[in-house]
Amino acid sequence: MSYEEKYRAKAIEYKESGHTFEELKEVFAISASTYYRWKRIQNTTGCYVSQPTEKRTRRRKIDPEELKTALKNKPDAYLREWAEMFHCSTVAIHKKLKSLNITYKKRRLPIPKNRRKTARNISNDSKRFRSRNGFTSTKAA
């Protein structure tokens, strides 16, 4: 819950005028820890409202540009080899590749269904051709 700066100033002045924490809690509905936090903010910044902090991001082990160059240099390397290069786990490499929309899985070219059928049909057709034209194999007795 966010309180206005005037409300915070009144609460701090009320406590500093000699009132107890119980009275502060009854009048302003704040706890002692809230009072001390507001007092600390006032002492450090000079106002009663804390300044928004800059969002910090942690340093990542895997630099996207370095990973892309590693992919270009060794496209057939395993994830574990890249993990050793970047001193991290294979899962981290996989997640980074996924976040960069890079697919690592090597896929075979699909065989059309009619091509499979023609391969089967060729063997069947050759059997039919042989039987129709008298090219049946005779077993020697």
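Predicted model: local features only at pLDDT ≥ 70, side-chain atom pairs only at ≥ 80, totals over all residues.
Residues are numbered from 1 along each chain as its sequence is written, and side-chain values use heavy atoms, with hydrogens and water left out.

Biologist: What share of the residues in the protein chain is buried?

Modeller: Buried means under 20% relative accessible area, with exposed over 50% and partly exposed in between (1.4 Å probe, protein chains only). Out of the 141 residues in the protein chain, the buried ones make up 18%.

Biologist: How are α4 and α6 oriented to each other?

Modeller: The axes of α4 (residues 64-73) and α6 (residues 90-99) come within 11 Å and cross at roughly 95°. Axes here are lines fitted to C-alpha atoms, for helices over the stretch in contact, and angles run from 0 to 180 degrees between N-to-C directions. Angles under 35 degrees count as roughly parallel, over 145 as roughly antiparallel, 65 to 115 as roughly perpendicular and the rest as oblique. So α4 and α6 are roughly perpendicular.

Biologist: Which residues of α6 make the contact with α4?

Modeller: Contact means heavy atoms within 4.5 Å. On the α4 side, P64, L67 and L71 take part, and their partners on α6 are I93, K96 and L97.

Biologist: How many charged residues are in the lining of the largest pocket?

Modeller: A pocket is an open set of points on a 1 Å grid over the protein atoms alone, where a 1.4 Å probe fits, with protein on both sides within 12 Å along at least five of seven lines; lining residues have an atom within 4 Å of a point. The lining includes R58, R59, R60 and K61. Asp, Glu, Lys and Arg count as charged, Ala, Val, Leu, Ile, Met, Phe, Trp, Tyr, Cys and Pro as nonpolar, and the others, Gly among them, as polar. The lining divides into 3 nonpolar, no polar and, for charged, 6.

Biologist: Is H87, with its positive phi, buried or exposed?

Modeller: Most residues other than glycine have a negative phi. H87 has a positive one, near 55°, and sits in the loop between α5 (79-86) and α6. With a relative accessible area of 64%, H87 is exposed.

Technical notes
Helix = DSSP H or I, 4+ residues; strand = E, 2+ residues; numbered from the N terminus.
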